[in-house]
Amino acid sequence: MGKFNYDKEVLANLRIDEKDLPRLDRLIDYDSAREAHEKKSHAAIDKRVSLKEAISEYVKDGDILADTGFSYVRTPIIAYFEILRQGIKGMTSIGSPATNQSYLIPFGAVTHSHWSYCGAEMRGTDRNMSRLIKEGKSKVVAEWSHGSMALGFKAAQLGIPGVYSKQLLGSDMVKYNPFVKVVDNPMKTEKDPCVFIPALYPDTAIIHVHQADKFGNAKIYGPLINDAAIAAATRKLIITAEEIVPPNSLRNDNKGVVIPFVYSDAVVEMPYGALVGAMPGLYYWPRRLWEKIMRYWAFKEGAIEEFYDIFVVQCKDQYDIIDKFLGGSKWMMDAKRLTKAEEYDNEDDGVDFHYKEWTMNEPDFDDIKDYK
Amino acid sequence: MTAKPANPLEMIAYVLARQIEDGEVVYIGTGLPMVAGILAKKTHAPNITLVYESGAQNPVIGDMPWSVAGPYTWRKSPMILEMSYSFGQIYNGYVDKAFLGYAQLDMYGNVNTHMIGGDFHNYKNRLTGSGGNNDLSSLAKHLVLVGLQSPQKFVKNLDFMTSVGYLTGGDSRKKAGLVGDGPKSVITSAGVYDFEPESKRMRITSLHPGVSPELAQLATGFELLKPAGEIPVTPVPTQEIIDILRKEVDPRGVFTSMPS
């Protein structure tokens with residue numbers, strides 16, 4: 001008998017067999033997570049390394065990788081490209097949303113998927129994901145709602161075995177999620193079904209932040225999503241930061257410091273590390289580029305190879321993306337102006353948000369060109 | 001120059017906006033709910049607070065956000081919540097209304113946003129999955145469902161039940177342990193619907209101009225209940241409101257231009 005008590009019917013519904021169980025176990029195995037946290041250095045030491053070193057040391061074949069940020073807002077996408085570059089295989093992806101697994105699955109980096117939301121909101125369904133799951137390139141191991149998964153990470157951060165909650169009840173999702181159980185509220189005299197959500201412990205996470213010091217204290221501006229909780233839960237943590245600041249800078253202005261250094265294993269200085277997405281306060285989406293991803297590379301069968309060729313082979317880093325494809329310094333200034341105007345830190349009166357949507361007829365994805 | 005009347009998507013946004021009363025806290029999903037929330041705030045309900053599942057809340061209203069975590073959802077927000085806390089405020093009774101979309105909807109207001117056709121392993125298309133859909137329908141006091149209406153969308157049997165409305169009708173929602181009152185209304189391209197209080201089956205409230213009960217039924221894969229007496233016609237937006245919608249709320253037509 002294994003360590004955890006999964007519902008057999010749910011495992012059968014998901015077609016999860018014995019050999020997948022260790023992968024499931026690790027997500028809720030508090031003992032091994034605590035041990036990993038105990039073993040890492042608790043000293044404030046300089047943890048700065050290159051992105052290459054950080055990924056090769058702290059992201060391993062078969063790991064449970066937490067997707068952070070919100071889809072393509074403050075998400076460490078450049079680090080995900082490095083994961084592809086290093087050919088890491090067989091990971092489980094978990095996140096709310098977990099949209100970035102869409103380009104990790106085709107190359108074998110992710111083979112098991114926790115599903116909460118995959119898509120691009122107004123750009124619609126992710127056809128690539130739909131195909132990949134159906135073809136068995138990745139196996140869905142659990143269906144989640146955003147709120148239920150968020151509670152699992154939050155329980156880990158709070159240092160508790162799990163939480164009782166009220167979502168998922170009665171829906172088909174409880175039949176397709178081996179980690180949640182319908183139980184009765186023990187305090188109520190009347191029958192009161194609840195769902196028990198265990199604390200969730202990923203193996204590894206990369207969190208992209210605005211500022212970090214060399215020890216790994218980290219500051220975030222804008223939506224935090226689940227990242228403070230994931231930082232506390234994960235066994236291994238890489239911080240990629242737009243800038244590295246002196247420790248006293250975070251002491252003098254600690255607003256937004258949400259990750260304590262002791263959680264962090266590696267700190268990587270990485271300006272524009274959230275490309276090809278957006279970074280609150282710093283840069284806006286390269287919109288035509290993003291549309292090409294959703295409407296072509298992740299939509300048309302076979303086009304994902306081209307995506308790999310551009311972002312993993314042709315571009316060795318984020319600066320190559322900016323210089324070779326986005327329009328260089330002009331894009332940098334434009335992206336800064338757009339986000340600051342939208343956030344209303346710059347005057348927005350007179351700032352033009354129009355751009356021409358990407359189409360196959362005009363396949364260049366530089367969105368600062370004048371297409372009029 | 002005569003302006004064009006509201007297209008079906010603009011009509012939905014307008015009717016949805018009218019569901020909001022001034023002073024409320026409204027939880028907004030992506031798409032038409034965003035348009036409706038911003039339209040309400042710019043017209044009859046200036047003192048509402050918009051809340052998003054990313055944890056963004058109470059922005060100074062700007063243009064249409066690109067994402068529920070995009071800057072327009074937290075533009076000059078006094079604070080942004082973590083995702084778990086954002087859903088927690090619904091359970092704790094601080095959210096008055098929640099707006100949600102669907103890919104399939106059944107007669108009890110249960111929703112599918114997971115997959116179309118076949119089964120879990122052999123579907124025709126996998127969609128986005130739950131996101132916050134299940135959380136909102138499980139927890140919200142007053143849920144409003146919004147989307148297009150067709151026999152493919154209003155179905156007898158869902159291909160997957162992402163979110164529970166009234167489950168199998170009667171008091172089955174409450175028995176399952178869910179909180180909140182369940183869906184109060186459904187707003188579509190054809191009309192406005194509510195749920196009959198006993199059976200919890202979907203019932204016509206009003207139909208949009210030009211839509212007959214027969215046409216609404218034709219666009220539905222289950223039997224629609226009808227109210228006693230004559231079926232009212234849904235009021236349409238004034239030209240002033242259409243102008244605000246087109247010029248100020250969704251000027252680039254992100255959600256309210258009809259797909260060509």
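Reader: Why is B:Leu100 called buried?

Author: B:Leu100 has 28 other C-beta atoms within 10 Å. A residue is buried if 20 or more other C-beta atoms lie within 10 Å of its own, exposed if 12 or fewer, and partly exposed in between, with C-beta atoms placed from the backbone. B:Leu100 is therefore buried. The model is a predicted one, in which local features need pLDDT of at least 70 and side-chain atom pairs count only at pLDDT 80 or more, while totals for chains, interfaces and linings use all residues. Residues are numbered from 1 along each chain as its sequence is written, and chains are lettered from A and ligands numbered from 1 in the order in which they are written.

Reader: Which residues does B:Leu100 touch?

Author: Two residues are in contact if their C-beta atoms, placed from the backbone, lie within 7 Å. Not counting residues up to four places away in sequence, B:Leu100 touches B:Gly29, B:Val111, B:Asn133, B:Leu136, B:Ser137, B:Leu143 and B:Leu145.

Reader: In which strand is B:Leu100 found, and what makes both faces of that strand covered?

Author: B:Leu100 is found in strand β3 of chain B; strands (E, at least two residues) and helices (H or I, at least four) are DSSP runs, numbered from the N terminus. On one side of β3(B), B:Lys97 and B:Phe99 are buried, and on the other B:Ala98 and B:Leu100 are buried.

Reader: How do you know that β3(B) pairs with β1(B) and β8(B)?

Author: Two strands pair if DSSP finds at least two bridges between them. Three bridges join β1(B) to β3(B), which run parallel, and B:Lys97 is the bridge partner of B:Val26. β3(B) and β8(B) also pair in the parallel sense, over three bridges, and B:Phe99 has B:Val144 as its bridge partner.

Reader: What makes β1(B), α2(B) and β2(B) a right-handed unit?

Author: A crossover is right-handed if, with the strands pointing away from the viewer, the path from the first strand over the helix to the second runs clockwise. β1(B), α2(B) and β2(B) make a right-handed β-α-β unit. Four bridges join the parallel strands β1(B) and β2(B), and B:Ile28 stands opposite B:Tyr52 in β2(B).

Reader: Why is α2(B) described as largely enclosed?

Author: Ten of the eleven residues of α2(B), residues 32–42, are buried, so the helix is largely enclosed by the rest of the structure. Its buried residues pack against α1, β1, β2, β3, β8 and α7 of chain B.

Reader: Why is α5(A) called roughly perpendicular to α11(A)?

Author: Helix α5 (residues 77–85) and helix α11 (residues 304–314) of chain A pack at an angle of about 100°, with their axes 9 Å apart. Axes are lines fitted to C-alpha atoms, for helices over the stretch in contact, and angles run from 0 to 180 degrees between N-to-C directions. Angles under 35 degrees count as roughly parallel, over 145 as roughly antiparallel, 65 to 115 as roughly perpendicular and the rest as oblique. The angle therefore makes α5(A) roughly perpendicular to α11(A). A:Phe81, A:Leu84 and A:Arg85 of α5(A) make the contact with A:Tyr308, A:Phe311 and A:Val312 of α11(A).

Reader: What makes A:Gly119 buried, and where is its place?

Author: A:Gly119 has 24 other C-beta atoms within 10 Å, and is therefore buried. Its place is in the loop between β3 (110–115) and α6 (127–134) of chain A.
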